[in-house]
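User: I would like to go through some of the terms used for this predicted model. Please give the reasoning behind each one.

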Amino acid sequence: MATDNLLQPHGSTTEQDALHHDVVVIGSGAAGLTAALALAETRRVLVLAKGSLTGGSTAWAQGGIAAVLDTGDTFENHVRDTMVAGAGLNDLATVEFVIERAPQSIDRLCELGVPFNRDADSLHLTREGGHSHRRIVHVDDATGWAVQSALLKAAEDHPNITLLPGRTCIDFITDRHAEQFSAAGRVWGVYALDEATGRVERHVGRATILATGGAGRVYQFSTAPRGATGDGIAMAWRAGARVSNMEMMQFHPTCLYHLETKNFLITEAVRGEGGHLINPRTGKRFMTFYDPERMELAPRDVVARAIDAEIKRFGLDYVHLDISHQPAAFVKEHFPMIHDKLMGLDIDMTTQPIPVVPAQHYTCGGVVVDLAARTDIPGLWAAGECTESGLHGANRLASNSLLECFVFGEAAAQDILARWDTLEAPPAILPWDESRVTDSDEEVVIKQNWTEIRRFMWNYVGIVRTTKRLERAASRIDLLKREVEDYYGAFRVTTDLIELRNLLQSAELIVKSALHRKESRGLHYTLDYPELADEPRDTVLVP
């Protein structure tokens with residue numbers, strides 16, 4: 001039977017095929033590579049990536065990175081905007097910690113050669129929904145790709161960093177997997193599937209950093225990349241870490257509606273630069289009915305619910321996002337990637353509106369971490385979208401996500417280096433045991449369950465929720481859990497099976513959290529409890 005954290009793998013006791021490094025980093029996006037580069041000055045670092053090294057969410061980020069760089073702006077303004085967007089659920093100390101380190105993060109990226117847009121000698125700053133000032137540094141409308149490329153080049157050039165793509169992580173190696181069994185639970189690395197050979201490897205280190213991104217693919221419609229299946233969150237939960245605020249799933253208001261192209265995001269900056277949301281049936285801007293003061297620049301949760309309401313009220317398939325009133329040269333200069341993509345679909349955004357719908361976009365909850373990026377489990381640090389650090393609260397402010405990756409990736413590295421002398425060498429670890437499993441002859445089961453999860457999560461646990469819908473989702477999850485556990489125990493692991501298991505675990509955590517919150521706050525809006533509770537409280541689940 002394939003092992004989980006409750007079953008000790010057994011078999012050969014040889015250590016010769018266990019791969020040892022000082023630090024194991026799981027994830028090759030902004031958080032993982034930032035941590036790896038900081039550690040590699042003195043330590044040997046392994047970076048594992050599911051699929052390709054550029055397959056995570058970082059490369060997909062269009063908008064930019066928020067930082068106080070303008071003379072008319074202040075840290076206090078950025079903190080206030082973040083807290084307002086987060087509906088008071090943010091941790092103030094975390095918000096201040098991250099925002100005060102934002103300018104340093106931008107400086108480091110400039111040193112790495114990220115070609116941010118400039119106005120003469122200064123960085124060009126754009127504005128996005130929820131921000132009171134222009135403070136978004138960007139590289140046209142493809143900031144994430146530029147950042148990913150710069151970080152990856154630096155990592156590839158560093159002799160102390162080993163980059164290993166094509167590895168799907170299964171579960172953490174803990175004291176339970178040592179040759180001399182212990183229930184202490186410390187993390188010593190990870191069991192990972194070599195996607196090319198089908199062999200499960202042991203990657204062992206004194207410290208492990210989790211930077212696996214979010215769980216967006218639990219939903220039918222999502223802007224997240226294919227691999228965003230909540231792997232790190234599910235692994236950490238199984239290993240004994242708390243998770244928090246998983247009900248806070250952010251839906252981006254404007255994903256392109258097109259039958260031939262799925263998951264293409266139309267950046268927040270289109271509204272920030274003057275784009276209007278229009279009901280295609282009435283031809284009128286509709287945000288005036290939902291948030292007349294902020295209009296299209298309201299926070300994402302407000303705009304997403306407004307679009308959802310407009311679509312349901314008028315029986316629409318989509319609404320229009322129109323920036324064609326701006327000069328064509330202005331639109332092409334600010335949004336070259338989006339313009340080119342849409343032109344290939346016969347949509348000219350300089351002369352006509354863009355059809356858009358909301359789609360899941362960001363996981364605001366996740367594994368609980370402190371300001372040093374430490375999780376509840378000794379030996380395990382975490383950074384980025386897989387975590388709940390207290391920065392985002394009930395709704396992430398636009399362009400704070402990459403910023404969180406840089407600050408907490410650096411924090412994890414510095415904490416590991418500071419306590420290095422106290423980190424023990426790993427014990428001998430047992431190999432993965434697959435002596436009692438066979439190759440699957442029922443791959444259709446995985447596909448069917450994957451499709452079912454994503455559909456009921458979209459229909460029952462979407463932008464607007466009710467207790468009855470959430471209970472229906474919980475019932476479906478209970479049935480699927482037994483089926484998936486039986487399947488997982490009988491067959492050799494594949495990437496699809498590992499992802500299905502993690503997807504279902506993530507869905508369960510989201511639904512449990514949503515049922516626990518008896519109010520509407522930020523991204524969690526329920527018709528049964530439409531009012532805001534007097535005191536903001538995190539939803540913390542304990543394994």
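User: What makes the largest nonpolar core a core, and which of its residues touch the most other members?

Analyst: A nonpolar core consists of buried residues of nonpolar kinds joined through side-chain atoms within 4.5 Å. The largest such set here has 69 residues, and Phe172, Leu210, Ile453 and Met457 touch the most other members. Helix H14 (residues 495-516) contributes the most to this core, with 10 residues. A second, separate core has 58 residues, including Ala36 and Val137.

User: Which residues does Leu210 touch, leaving out those up to four places away in sequence?

Analyst: Contact requires heavy atoms within 4.5 Å. With that cut-off, the residues touched by Leu210 include Phe172, Ala236, Val367, Leu380 and Trp381.

User: Why is strand S10 described as largely enclosed by the rest of the structure?

Analyst: Buried means under 20% relative accessible area. In S10 (residues 167-174), 8 of the 8 residues are buried, so the strand is largely enclosed by the rest of the structure.

User: How do you know that S10 pairs with strand S11?

Analyst: Pairing needs at least two bridges. S10 and S11 (residues 187-194) are joined by 7 bridges and run antiparallel, so they count as paired. In one of these bridges, Thr168 is partnered with Leu193 in S11.

User: What lines the second largest pocket?

Analyst: The lining has 31 residues, with Gln220, Phe221, Val357, Pro358 and Trp458 nearest the pocket's centre. They divide into 15 nonpolar, 8 polar and 8 charged. H12 gives the largest share, 6 residues, and the pocket holds about 840 Å³ of space.

Terms used: Residues numbered from 1 in each chain as written. Predicted model: local features only at pLDDT ≥ 70, side-chain atom pairs only at ≥ 80, totals over all residues. Heavy atoms only, no water. Buried < 20%, exposed > 50% of the residue type's maximum accessible area, 1.4 Å probe, protein only. Helix = DSSP H or I, 4+ residues; strand = E, 2+ residues; numbered from the N terminus. 1 Å grid on protein atoms, 1.4 Å probe; cavity = no way out; pocket = protein on both sides within 12 Å on 5 of 7 lines; lining within 4 Å. Points joined across faces, edges and corners; volume = space filled by probe spheres on them. Nonpolar A, V, L, I, M, F, W, Y, C, P; charged D, E, K, R; others polar.
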